[in-house]
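Me: I would like to learn how to read the features of a protein model. Could you take me through one, step by step?

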Amino acid sequence: HQLPPTVIGEEAERLGLSETFFERLAAGPYAGELVTLLRVQHRMHEALMAYPNAATYGGALRASPEVARALLTEVEGVRDDPSRAGPFVLLDAVGRGWEEERTGDDPSTRNPGNAERVAAEVRRLVSRGVGAADIGVITPYQAQVREIRDRLSELVDAGLEVSSVDGF
């Protein structure tokens with residue numbers, strides 16, 4: 001599954017450019033020969049992949065043994081955090097008062113409460129020895145990208161990458 005392209009304009013829509021190339025291949029006559037499901041992923045801890053695996057792939061994916069139970073403490077120079085056991089997976093934001101907002105004529109959305117929590121987590125990782133250049137923050141909205149970058153400007157200067165889903 002891929003994010004669809006951002007299509008602005010009726011002509012692009014009429015030409016079918018709102019569909020990804022992969023979607024066109026998967027719907028074509030040679031789909032059985034060209035398209036196969038990835039069965040082993042090599043990017044993340046099995047706890048991190050659990051939800052997308054269940055929600056999107058029906059539990060068909062497996063984490064490669066090299067990453068299935070990998071922890072930051074296995075990276076040279078990264079200190080343990082005794083207050084945490086396992087990977088940071090999800091923070092339930094319901095009821096925290098973190099409201100989305102728009103400012104001025106900016107059509108994009110930001111959430112200052114969420115941005116502050118993200119900034120705190122990034123600072124916590126850096127305090128444990130994770131390099132700023134080894135961290136990437138992904139958020140759906142450009143206004144939120146700006147909000148997080150503003151809060152972490154010194155780490156952005158040190159290589160922290162903060163971008164939108166499209167940017168990554």
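Reply: Let's start with a pair of side chains: Glu-116 forms a salt bridge with Arg-123, and their closest N and O atoms are 3.8 Å apart. A salt bridge here is a side-chain nitrogen of Lys or Arg within 4 Å of a carboxyl oxygen of Asp or Glu. Before going on, please note that this is a predicted model, in which local features need pLDDT of at least 70 and side-chain atom pairs count only at pLDDT 80 or more, while totals for chains, interfaces and linings use all residues. Residues are numbered from 1 along each chain as its sequence is written, and side-chain values use heavy atoms, with hydrogens and water left out.

Me: What is the general idea behind such pairs, "Side chains of opposite charge"?

Reply: Side chains of opposite charge can pair when their charged atoms come close. In this structure there are eleven salt bridges. One of them joins Glu-101 and Arg-110, with the closest N and O atoms 2.4 Å apart.

Me: Which residues are linked with Glu-116 in a network of salt bridges?

Reply: The network links Glu-101, Arg-110, Glu-116, Arg-123, Glu-147 and Arg-151.

Me: Where do Arg-69 and Glu-46 sit in the chain?

Reply: Their side chains meet in a salt bridge, 2.9 Å from N to O. The pair links distant parts of the chain, 23 residues apart: Arg-69 is in the loop between β2 (62-63) and α5, and Glu-46 is in helix α4 (residues 46-57). Arg-69 is exposed, with 60% relative accessible area, whereas Glu-46 is partly exposed at 31%.

Me: How do I check the span of a helix such as α5?

Reply: The expected span is 1.5 Å times one less than the number of residues. For the 16 residues of α5 that should give 22 Å, and the end C-alpha atoms are 22 Å apart, which agrees. With α4, a straight helix of twelve residues would span 16 Å, but α4 spans only 14 Å between its end C-alpha atoms. Just after α4, Gly-58 takes a positive phi of about 60°. Helix α5 is followed by Gly-129, whose phi is positive too, near 110°.

Me: Which residues of α5 are buried?

Reply: They are Ala-115, Ala-119, Glu-121, Val-122, Arg-124 and Leu-125. What covers them includes β3 (136-139), α6 (142-151) and α7. Take Glu-121 as an example: it counts as buried because its relative accessibility is 11%. Contact means heavy atoms within 4.5 Å. Not counting residues up to four places away in sequence, Glu-121 touches Arg-84 and Phe-88.

Me: What does Gln-41 touch?

Reply: Gln-41 is in strand β1 (residues 40-41) and is buried, with a relative accessible area of 7%. Leaving out residues up to four places away in sequence, Gln-41 touches Met-49, Arg-62, Ala-63, Ser-64 and Val-67. A polar atom of the Gln-41 side chain lies 2.7 Å from the backbone nitrogen of Arg-43. The Gln-41 side chain also reaches the backbone oxygen of Met-44 at 2.8 Å.

Me: Which residues make up the two faces of β3?

Reply: In a regular strand the side chains alternate between the two faces of the sheet. In β3, Val-137 and Thr-139 form the covered face, while Gly-136 and Ile-138 form the uncovered one. Two strands pair if DSSP finds at least two bridges between them. Strand β3 pairs with strand β4 (residues 161-164) in the parallel sense, over four bridges. Gly-136 stands opposite Glu-161 in β4.

Methods. Buried < 20%, exposed > 50% of the residue type's maximum accessible area, 1.4 Å probe, protein only. Polar contact = N/O pair within 3.5 Å; in protein donor to acceptor, adjacent residues only side chain to side chain.
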